[in-house]
Amino acid sequence: MWTSVIQIFQKYMGTGLTVIWFLAALIYLFLFEKRKDRRILFVYMPVLLLLLYFNPLFAGLFCSLVGSEIYFRMCWLLPVIVVLAYTAACILEKRKGKGQLLFAVVTVLLIVFSGKSVYENPLYSKAENMYHVPDSVVHLCDAIVVPGREVMAVFPRELLLYVRQYSPYVCMPYGREVIEGDFNEFYELMEEDVLDMETLEPFVNGKECHYIIFSDEKEMLGEPEDYGWELFDRMDGYVIYRNTKVPLIY
């Protein structure tokens, strides 16, 4: 558990520089911020959250009640940006003239070079609709969704992050954890250059997947119909198969 907590925080840190500035800002405010209400908000509360996050007893209790897969959301509670902005404003207020301008420029440069542009993320795509997901996700989900109930469908890697964002009625046997590096044999088989029907069948049936969706350019080893997969539709460069071995009540 302790190792997982450390690994999650390392992923949250990214390059690590922003978190270093955050810790430095906490120290600065602890030493120089005298107003009690602001000390509570900008110092004591973030420190308490950090202590809770790295407390193995709290981590164990949290994961046993909610699940370890969402423990990383604890990091979202840290007011990193707020603390950095407030600290920078406090320092700027104490400086005058060229010193103030120089500090502002240095601060902006530190922020710019402490992280990476979100647009460089290979999973980033330009918004194509009001839902801010690829149009293919909208079309695929609308095609397989059944009013009044949930369906289980397996999607290729590039669509995983968007399906749950668009529709709460389309469930998946695995999600963002596989993109973050967690091993999942089902996912690895789906991402092979050639889809082996015989190898995939136990996973598809075991996870009770109603639909199997993959790129239309994927090669297949074996005939899908021999395993109970019926061609459901083709759209936006993807093919949808309906798994008839898992009943779907409309």
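A polar contact is taken here as a pair of N or O atoms within 3.5 Å, of which, within protein, one must be able to donate a hydrogen and the other to accept it. In the predicted model, the side chains of arginine 35 and tyrosine 86 are joined by such a contact, at 3.2 Å. The side chain of arginine 35 also makes a polar contact with the side chain of glutamate 33, in this case at 3.0 Å. Threonine 18 is 17 residues away from arginine 35 along the chain, and the C-alpha atoms of the two residues are separated by 25 Å.

Helix α4 comprises residues 56-65, and within this helix Ala59, Phe62 and Cys63 are buried. These residues cover an arc of only 95 degrees around the axis and are therefore placed on the same side of α4. In an α-helix there are 3.6 residues a turn, so residues three or four places apart point the same way. Leu57, Ser64 and Leu65, by contrast, are exposed on the other side of α4.

Both ends of this helix were also examined. At the start of α4, a side-chain oxygen of asparagine 55 comes to within 2.8 Å of the backbone nitrogen of leucine 57, whereas glycine 67, which follows α4, has a positive phi, near 120 degrees.

How values were computed:
Residues numbered from 1 in each chain as written. Predicted model: local features only at pLDDT ≥ 70, side-chain atom pairs only at ≥ 80, totals over all residues. Heavy atoms only, no water. Buried < 20%, exposed > 50% of the residue type's maximum accessible area, 1.4 Å probe, protein only. Helix = DSSP H or I, 4+ residues; strand = E, 2+ residues; numbered from the N terminus. Arc of directions from axis to C-beta.
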